[in-house]
Amino acid sequence: MRADQIHHAEGKNGIHWFAPMVADAEAGFGGNLNAFELMKSMIEAGAACVHFEDQLSSAKKCGHLGGKVLVPTSEAIQKLVAARLAADVMGVPTLLMARTDADSAQLLTSDIDPRDHEFLTGERTAEGFFRIRGGLKSAIARAVSYAPYADLLWCETSKPDLKEAREFAEGVHRHYPGKMLAYNCSPSFNWRKNLDDATIAKFQRELGAMGYRFQFITLAGFHALNLAMFELARGYKQVGMTAYSRLQDKEFAREAEYGYEGVKHQRFVGTGYFDSVQQVITGGLASTLALEHSTEAAQFHDVTLSIHTGHGPDAACQPILGHCPNLPAPSADTFEELLPSGD
């Protein structure tokens, strides 16, 4: 919202900042009524799509961990119905995504639903859970059951595998042709250990052709932020402010070449926008404007953009403390510490 305000305050109107957001409702954080109220809150917060998964809420795990416990298919459907009812009550055409963890889950809370019987092993755990056979067949069965109640279907997988993705898509589309699917291109996967470079490069195009309309990396921000800060800390330990200066030079280059806006952090968070608001309120007589006479205004000048629209690897893909234009190469004793492996 702030980016939209800043953009319009500067007389621009070329970017739609309100991209639809997909919110994670986990397993609903309780029963049907909890799911109903949670969905209403998500809609009020501005979510365009909300996803619910079929794990037991009190034993909820990341989809790539062990010990996951599924609820009966009927119970998962009731959660989806509760969420859909909430959207109807709110009068908002919110999208609903159903996720199943049946591919790798091995436990079930109850054998009450006949649709789950095919996958029971006949064993019980110390907690009273029923042991089940997980796998793609189970995931497809659940996705088909959820399809009438959700706009998109998501099967959490254990590795990136185009063959498995195709099998799931075909299993769903056999009953519901054209049903939209979702795929988690997860950071929990070791991509190069599982796939060669050529397959990684075509992976998302292949998924798209199968009907996976929503493809995402669940923790890209987490990993990018941590790696960037880790590399800056390594460099700072070795050469102090030289490391930060190199980072800043790379920011300047990205600003000029690709329109990166984080260089001017005061403007980025809306200082200029509120200066404009203050000027309107005071009839242009405000003497306390923040950006005027600021260090940012004095030292960070506008740049002429030279936006690169091509594709393929280039300097923008390098790690944050990689080579910066117009900088002398690091000395031999600092080179290793300042440049991450592979840069």
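Visitor: What sits over the ring of Trp 154?
Guide: The charged end of Arg 99, at 4.9 Å from the ring centre. The cut-off for a charge over a ring is NZ of Lys or CZ of Arg within 6 Å of the ring centre and within 35 degrees of the ring normal. Arg 124 lies over a ring too, on the face of Phe 130 at 3.8 Å from the centre.

Visitor: Before I go on, what kind of model is this?
Guide: It's a predicted model: local features need pLDDT of at least 70, side-chain atom pairs count only at pLDDT 80 or more, and totals for chains, interfaces and linings use all residues. Residues are numbered from 1 along each chain as its sequence is written, and side-chain values use heavy atoms, with hydrogens and water left out.

Visitor: Back to Trp 154. Which ring does Trp 154 pair with?
Guide: Phe 216, in an edge-to-face pair with 4.9 Å between centres and 80° between the planes. Rings of Phe, Tyr and Trp (its six-membered ring) pair if their centres lie within 6.5 Å; planes under 30 degrees apart are stacked, over 60 edge-to-face, and the rest tilted. The pair links distant parts of the chain, with Trp 154 in strand 8 (residues 152–155) and Phe 216 in strand 10 (residues 212–216), 62 residues apart. Helices (H or I, at least four residues) and strands (E, at least two) are DSSP runs, numbered from the N terminus.

Visitor: Are those two buried or exposed?
Guide: Trp 154 and Phe 216 are both buried. Buried is under 20% relative accessible area, exposed is over 50%, and partly exposed is in between (1.4 Å probe, protein chains only).

Visitor: How many aromatic pairs are there?
Guide: Six in the structure. Another of them is Tyr 183 with Phe 203, edge-to-face at 5.6 Å centre to centre and 65° between the planes. Tyr 183 is in strand 9 (residues 180–184) and Phe 203 in helix 7 (residues 197–210), so this pair ties together parts 20 residues apart in sequence. Tyr 183 and Phe 203 are both buried. Ring pairs also join Tyr 183, Phe 189, Trp 191, Phe 203 and Tyr 212 into a cluster.

Visitor: How many residues does the largest nonpolar core have?
Guide: 58, and those with the most contacts inside it are Phe 52, Leu 153, Phe 168, Leu 207 and Tyr 212. A nonpolar core here is a set of buried Ala, Val, Leu, Ile, Met, Phe, Trp, Tyr and Cys residues joined through side-chain atoms within 4.5 Å. Helix 3 (residues 73–90) gives the most to this core, with seven residues. A second, separate core of six residues includes Cys 49, Met 97, Leu 152 and Trp 154.

Visitor: And what does Leu 207 touch?
Guide: Leu 162, Ala 165, Tyr 183, Cys 185, Tyr 212 and Gln 215, leaving out residues up to four places away in sequence. Contact means heavy atoms within 4.5 Å.

Visitor: Where does Cys 155 lie?
Guide: In strand 8, and Cys 155 is buried at 5% relative accessible area. Beyond four places in sequence, its contacts are Thr 100, Asp 103, Leu 136, Ala 139, Phe 168 and Ala 182. Cys 155 and Asp 101 are 6.4 Å apart C-alpha to C-alpha, although 54 residues separate them in sequence.

Visitor: Switching to backbone. Which loop holds Glu 26?
Guide: The one between strand 1 (22–24) and helix 2 (32–45). Glu 26 has a positive phi, near 50°, without being a glycine, and is partly exposed at 22%. Phe 29 is in that loop between strand 1 and helix 2 as well, with phi near 55°, and counts as exposed at 55% relative accessibility.
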